[in-house]
Amino acid sequence: MVTLKINDQEVKVAEGTTVLEAAKKLGVIIPTLCNHPDLCVAGNCRVCVVEQKGARTLIAACAMPVSEGMDIHTNSLKVRNARKHIVELLLSEHRADCTKCYKNQKCELQTLANEYSFGEHLFLDLVEGHAYNIDRSSPSFTKDDSKCIRCQRCVRTCAQLQHVSAIAVANKGAHMKISSFHDRPMSHVVCTNCGQCVNRCPTGALTEKTYIDQVWDAIYDKDRHVVVQTAPAVRVALGEDLGYDPGERVTGKMVTALRQLGFDSVLDTDFTADLTIIEEGTELLSRLKKVLVDKDNSTALPMFTSCSPGWIKFIEHKYPDMLPNLSTCKSPQQMFGALAKTFYAKKRNLDPAKVISVSIMPCTAKKYEADRPEMRSSGYKDIDFVLTTRELAVMIKQAGIDFRTLEPSHYDSIMGTSTGAAVIFGATGGVMEAALRTAYELVTGKPVPFKNLNITPVRGMEGVKEATVKIEGTTEEWRFLEGAELKVAIAHGLVNANKVAKAVSSGKASYHFIEIMACPGGCIGGGGQPIPTNAVVRQKRMDAIYSEDMHMDLRKSHENPEVVAIYEEFLEKPNGHKSHELLHTHYVAREAY
Amino acid sequence: MENKGLTKVDLIFESIDIRKVMTKAFEMTSEEIINEILESGLKGRGGAGFPTGLKWKYTAAEKEPEKYIVCNADEGEPGTFKDREILDRVVYKVYGGMAIAGRAMGAKKGFIYLRGEYRFLLPQLFLELHKFHKMISEIGYDFNIEYRMGSGAYICGEESALFESIEGFRGEPRNKPPYPTVSGLFSKPTSINNVETLVTAVMIIDKGAGEYVKLGTKDSRGSKVFSISGDTPIPGIFELELGMTVQEFVNEFGDGDTKAVQVGGASGFCVPRKKFAETIIGFEGVPTGGSMKLFNSSRSMYNVLHNYLDFFTEESCGQCTPCRVGCQQLLKGVEKVKKGEAKSTYLNELVKLADTMKVASKCGLGQSVGNAFKSIVENFREEIIY
């Protein structure tokens, strides 16, 4: 243990603790900007400088480990002067059109400016002299360099959490900026559109591309029938943007709010999550059969899940030779979209041309996914607009809805019924667990041998999880699997996905089925989720997801009555002709930079 | 303060029997080598002046089996060109210094990070290196040196940015601690020394610390190679004993009309005529990595300052706020004042900003921008305003 003094108060902390963490222990707040709990220390914004008695210079509290006998002052004249200068310097290179900015009142620089910079600006405006670029090329987000304060949170996120490095630092001195390979537009580089950088940007430099106005226009257009679907992870996070603490389940209130916003039908992505399990589970079993029984070497194993569009783009760029290993199933969002303008429209007697399909997603990559040319199986753009959890919160506020006082209500039907297996799609390991609940039962006729159906080995925040399920007591049809050990792996965050993909690619791993989610924690930690998202918040959202599962009457996808019905009425059979037409897709090999 | 007067010496470039020195060092223990360097009082010749013996001692004390000796040959300080001359004429002493350092610290691998613009020296340097490797392996050394090239960024002369560059990353300074002696190149204990420091170390081992301390003052032991440029009839490289005043220096090298001397390059201090007599060149006065620029009365100190600020605005890595934005503000600020678009009192705000940059920047670059800025603005204020 190390003893030091901060503002004349003594504190004992473990060796290796930073001054910032030690101060926090004492309740001493030191402002930060480039620091983010998910990321490695940068120490480059210098907002957190504090005075260490006897030191030649001020020190960055976030980057300085404690040492015995340190005497730290966090609010001395020297510190305040320096901090004010630093905030003023950042403001001088930041286009501060705050009232027009999407991040207004949610901007960390603005918060600092409130505390340190009022009245006349000390320094000259440097924004006008620069030719800043605003990159609107991605369907998912906008990158506005005039608002960038070069904290490099985005760069560290992209490298450290996602192993993508679509953005990096370019040039030096006054021309230093966050850029892409050869300064290409973001739509033409390895960017997966995951939005993790957007979630961590302290200013309005990286923001999701918002479609709020388009959705309002559709809602007000009386000729249109506007359906909305909500992804599993939205219901455990939306509350955070509406005044609740992290981990609050607001499913029923959210449904009521969506209805009050004016959507014609409030439906659930969870329905197609259940459908995904049937389609993907069938695909896995048929691949296993082809390999094990038919000895078909052209069938690729292991099979990767395909629900996460960030992951899809990642593998398309980085491991194009493994595209045959990806499940051909569309993501639940896109299955929903394809069915909304076919099955749903037909059942409701609607002209599909007049159906507008909106989805609420924890994700920015979903905006990109909806724009993919493959996603027009209904003959129309299957999903018209994708909004993030954050955008939905904005709409609720715009509509003047007092969210806290809303009475919970249920999803509409059809395509609004779901199971607990679907809701856990929102957490890492959830798709695997849902798939196992169904596949095991399909093959053996018995429920998975875990208490309360909770397959705990596939749960949790570990970056890469592995599990083996021994299949015993198979029914006649699946006898070839008797005694087989199904090896599965789960990875979340693309840095972990890369580890697994690399192991598979080099032949070092012998899995059968792998779940991959692009974002840390899975969709609960998605790029479109409320800010801040960090380890503590992700854990609370995850707990809420599993609690949501436990509160559901039905907890296995194949027991979803609407899923059973849609096969009887429309799809005929899993992986059948109609399924392939509407619910499955193909992938594209892309450049590696 | 001790004043030794101006004495020219010839130690750095004199020919020595390198095999003899290397053999002598080979027979010394690690402790003996380090003590010799400690006793000599040698301070780093790159400009910062950290005691070389301590650096070696700290690196030697690390338990890690893999360690590195890095020679900083990224000579980029404006007005410095002495390392080029050293490499050109006596590179075998640089190699010798590295191998002796390696022996003292238990490192088997050395890297020379060579300024990109000095690439043309390479064929000759490789030839010498080949001979050197052969010679020391005959003595029994297990030490190998490789070259790594810089690409023109001034910041890569900063030790931790230099490591990043060698490792293949963007040249950006790291947070300290950890210091290089604990975690340097490839996160291993590393001793990084300037070209001239390593040559001086060879000299100390050869002649003994006792002989070396006869040169210079208490705070600035030994002699130093100076790169002399500007308004002087005799520009070039001169090795001088440390401890002279700027006045004595100007008497020797000035053109009779010297109004200021910039000691230590863009990151150093500007000494005006009125302070020539009282200012010692060395760690007790104004330290320098060797750059000495003389300005006579025909020079505009506004132009000099503008040139330096322009340089820093371009050469800041851009990573930390005080340096990246501060440099731009200082540059634009003096431009505005000069044009009469800002009040002359705005200079006072800029001086305060320079103070902030000095205490809040991440590395030595940003921390030293204020040296030239303040010493020019304070001593030549009227030239900045009018």
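Predicted model: local features only at pLDDT ≥ 70, side-chain atom pairs only at ≥ 80, totals over all residues.
Visitor: Fine. At what angle do helix 8 and helix 10 of chain A pack?

Guide: About 105 degrees, with the axes 8 Å apart. Helix 8 covers residues 269–292 of chain A and helix 10 covers residues 332–347. That angle falls in the 65 to 115 range, so helix 8 of chain A and helix 10 of chain A are roughly perpendicular to each other.

Visitor: And which residues make the contact?

Guide: From helix 8 of chain A, you have A:T269, A:T272, A:A273, A:L275 and A:T276. Helix 10 of chain A brings A:P332, A:Q333, A:M335, A:F336 and A:L339.

Visitor: Switching to strands. Is strand 14 of chain A mostly covered or mostly open?

Guide: Mostly covered. Strand 14 of chain A spans residues 355–361, and seven of its seven residues are buried. Both faces are covered: A:V355, A:S357, A:S359 and A:M361 sit on one side, with A:I356, A:V358 and A:I360 on the other.

Visitor: How many bridges does strand 14 of chain A make with strand 11, and how many with strand 15?

Guide: Six bridges join strand 14 to strand 11 (residues 225–230) of chain A, running parallel. A:V358 is a handy residue to look at: A:V228 has A:V358 as its bridge partner, and A:V358 stands opposite A:F385 in strand 15 of chain A.

Visitor: What about chain B, how many residues of strand 1 are buried?

Guide: Six of six, for strand 1 (residues 68–73) of chain B. B:Y68, B:V70 and B:N72 point one way, while B:I69, B:C71 and B:A73 point the other way.

Visitor: Which way does strand 2 of chain B run against strand 1, parallel or antiparallel?

Guide: Parallel. Six bridges link strand 1 of chain B with strand 2 (residues 109–114), and B:A73 has B:L114 as its bridge partner.

Visitor: Back to chain A. What is the strand order in the five-stranded open sheet?

Guide: The order is 2-1-5-3-4, with mixed pairing. Strand 2 (9–13) and strand 4 (59–60) of chain A are the edges, each pairing on one side only. Strand 1 (residues 2–6) and strand 2 of chain A are antiparallel over five bridges, and A:T3 has A:K12 as its bridge partner.

Visitor: Which helix packs on that sheet?

Guide: Helix 2 (residues 77–92) of chain A, which touches strand 3 (49–52) and strand 5 (71–73). The direction of helix 2 makes about 155 degrees with that of strand 3 of chain A.

Visitor: How is chain A divided into domains?

Guide: Domain 1 is 2–75, domain 2 is 125–207, and domain 3 is pieced together from 282–327, 427–525 and 552–582. The centres of domain 1 and domain 3 of chain A are separated by 46 Å, taken over C-alpha atoms.

Visitor: Last one: how many residues does each chain put into the contact between A and B?

Guide: Chain B gives 31 residues and chain A gives 30. On the chain B side, helix 10 (301–315), helix 11 (321–339) and helix 12 (346–360) each supply at least two. Helix 11 of chain B gives the most, with eleven residues. By class, the chain B side has eleven nonpolar, twelve polar and eight charged residues.

Terms used. Residues numbered from 1 in each chain as written. Chains lettered and ligands numbered in written order. Contact = placed C-beta atoms within 7 Å. Helix = DSSP H or I, 4+ residues; strand = E, 2+ residues; numbered from the N terminus. Nonpolar A, V, L, I, M, F, W, Y, C, P; charged D, E, K, R; others polar. Domains from an automatic or database assignment. Pairing = 2+ DSSP bridges. Axes fitted to C-alpha atoms, helices over the stretch in contact; angles between N-to-C directions. Parallel < 35°, antiparallel > 145°, perpendicular 65-115°, else oblique. Buried ≥ 20, exposed ≤ 12 C-beta atoms within 10 Å, placed from the backbone.
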